[in-house]
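Hi there,

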Protein chains: 2
Amino acid sequence: MYIWMIMDNTALILTNVSKLIELSPDEEAYFISLLQSKTIKRKDFLLQAGDVCRYETFVCKGCLRNYYIDNEGVEHNTVFAVESWWTGDMYSFITQTPSRYFIEALEDSEVVQIGKSSLETLYQNVPKFERFFRLLLQNAYVAQEQRIVHNLSSNAEERYTAFLKRYPQLGQRIAQKHIASYLGITPEFLSMLRRKTMAK
Amino acid sequence: MYIWMIMDNTALILTNVSKLIELSPDEEAYFISLLQSKTIKRKDFLLQAGDVCRYETFVCKGCLRNYYIDNEGVEHNTVFAVESWWTGDMYSFITQTPSRYFIEALEDSEVVQIGKSSLETLYQNVPKFERFFRLLLQNAYVAQEQRIVHNLSSNAEERYTAFLKRYPQLGQRIAQKHIASYLGITPEFLSMLRRKTMAK
DNA sequence: TTTATTTCTTAAACTACTTTAATTTTTTTG
DNA sequence: CAAAAAAATTAAAGTAGTTTAAGAAATAAA
């Protein structure tokens, strides 16, 4: 049973990687050998502000949120991650400096992780992975850019609709207060928007 | 005279590059040989939506803005670039797909550019430049992340103050309507904020 | 240097969103 | 399964930011 779960998770990450680069069976095996599995219970943290982000993390099962706490002590969700998404604090990971973010499991979750030094080794032995992680960074960059752009030109209702359209899975799965925080509005206002759009 | 201008601009870009990677005189010369100089008059475009971004561009003199036009036909400034800053549409450049952005000179400007294929050649001959451009991407990513985070937790006045603090040069140099667009507010409201903060 | 054009300012009326607070519903825990 | 805790809803009053419109100031063009 335990073995089966591990198999599942590695199959999942290999499928994900193979969307961007092609690997031989040997390379796959080598990559897998560098990964560490981890389970995180709901409300536990994968990362806390002040800690250095030591892993890039692939979510096999569950759901997590990245957030930071502003000067007034208010939490702001920056991004969510569910099955087959990567998470972490890329800047903290790359520079190995303390993060300003928290990553909290919203559900009991299973992840696989690759540490900084394992990744460096991987780059040297299978240079294709340089490309893979550069592509991850590029994709993250473009997603951020689109978010900034969309935030500049849309009101809360449009942003909520776009969120549901882009992440249909998340609408049902994540507490509304977390979605509101991600959208930059209050839960009360989101509730009102929902009632309004339901009526239509 | 012409020669002198070229010398100036290449010295500027080499200083910039050497902040992130160290180059031998030979490597410097080779890098310079791949660059193309260009002058752009005020109100002219370095890039237009629909075009593929064929160059990474380093600004030697002048000032440019990146913007996009939303569905209602409204322009939104996404970023500015002045002396020693890089500009372009990174995603369009990397994927060689059409851009959704315009890059317009706000002043008569001088830039140096490196084309996609020259950059690939450069990567092969001087791999250090892979690192350089990865760092550029990372820095751009982090800047975007901070902007998203800041936008979530600050009102217009705080965003304006932070903008002036972070880019003191730009406050005087760029039309207020462009700063307002970057901040996501109307020029009228920015004008009101300025009067309010001047009074203090 | 004058004219034309663009940008900035001001102010009043308006709208999107927040705040506060009370109530209901859902989820979690013992 | 009951009690406790957390999340969602509703509504009223308040505030941050927009819209519209007109005049003043600055900049560009002739």
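A definition to begin with: a nonpolar core is a set of buried Ala, Val, Leu, Ile, Met, Phe, Trp, Tyr and Cys residues joined through C-beta atoms within 7 Å. A residue is buried if 20 or more other C-beta atoms lie within 10 Å of its own, exposed if 12 or fewer, and partly exposed in between, with C-beta atoms placed from the backbone. The model is predicted, so local features need pLDDT of at least 70, side-chain atom pairs count only at pLDDT 80 or more, and totals for chains, interfaces and linings use all residues. Residues are numbered from 1 along each chain as its sequence is written, while chains are lettered from A and ligands numbered from 1 in the order in which they are written.

**The core**

The largest nonpolar core contains 50 residues, and A:Leu64 and B:Leu64 have the most contacts inside it. Two residues are in contact if their C-beta atoms, placed from the backbone, lie within 7 Å. Leaving aside residues up to four places away in sequence, B:Leu64 touches B:Leu46, B:Val59, B:Phe80, B:Ala81, B:Thr87, B:Ile103, B:Glu104, B:Ala105, B:Leu106 and B:Ser109.

**Chain A as a whole**

Chain A has 9 helices and 8 strands; helices (H or I, at least four residues) and strands (E, at least two) are DSSP runs, numbered from the N terminus. Its radius of gyration is 18 Å, close to the 16 Å that the globule rule gives for 200 residues, so chain A is as compact as a globular protein of that length. That radius is taken over C-alpha atoms, and the globule rule is 2.2 Å times the number of residues to the power 0.38. Along the principal axes, the C-alpha atoms of chain A fill a box of roughly 55 × 35 × 30 Å. Of its 200 residues, 28% count as buried. Among the contacts in chain A with a separation of 6 or more, 72% are between residues 24 or more positions apart.

**How the two chains meet**

In the interface, 23 residues of chain B are in contact with 23 residues of chain A. On the side of chain B that touches chain A, strand S5 (75–82), helix H3 (90–95) and helix H5 (128–153) each supply at least two residues. H5(B) gives the most, with 14 residues. By type, that side of chain B divides into 12 nonpolar, 7 polar and 4 charged residues. Here Ala, Val, Leu, Ile, Met, Phe, Trp, Tyr, Cys and Pro count as nonpolar, Asp, Glu, Lys and Arg as charged, and the others, Gly among them, as polar.

How are the two copies related? Chain B can be laid on chain A with an RMSD of 0.0 Å by a turn of 180° and a shift of 0.0 Å along the axis. The copies are thus related as by a two-fold rotation axis. The superposition is by least squares on the C-alpha atoms of residues with pLDDT of at least 70 in both copies. Of the residues of chain B, B:Tyr141 comes closest to the axis, with its C-alpha at 2.7 Å. The same surface serves both copies, as 100% of the contact residues of chain B recur in chain A.

**The DNA strands**

A residue is near a strand if its C-beta atom, placed from the backbone, lies within 6 Å of it.

- DNA strand C is surrounded by 16 residues, the closest being A:Asn155, A:Phe189, B:Gln176, B:Lys177 and B:Ser191. Two or more residues come from each of helix H6 (156–166) and helix H9 (187–199) of chain A, and helix H8 (176–183) and helix H9 (187–199) of chain B. H9(B) gives the largest share, 6 residues.
- DNA strand D is surrounded by 16 residues, the closest being A:Gln176, A:Lys177, A:Ser191, B:Asn155 and B:Phe189.

**Two residues to look at**

A:Tyr68 lies in strand S4 (residues 63–69) of chain A and is partly exposed, with 19 other C-beta atoms within 10 Å. Its contacts beyond four places in sequence include B:Val149 in the other chain.

A:Gln96 has a phi near 55°, a positive value in a residue other than glycine. A:Gln96 lies in the loop between helix H3 (90–95) and strand S7 (102–105) of chain A, and is exposed, with 10 other C-beta atoms within 10 Å.

Best wishes
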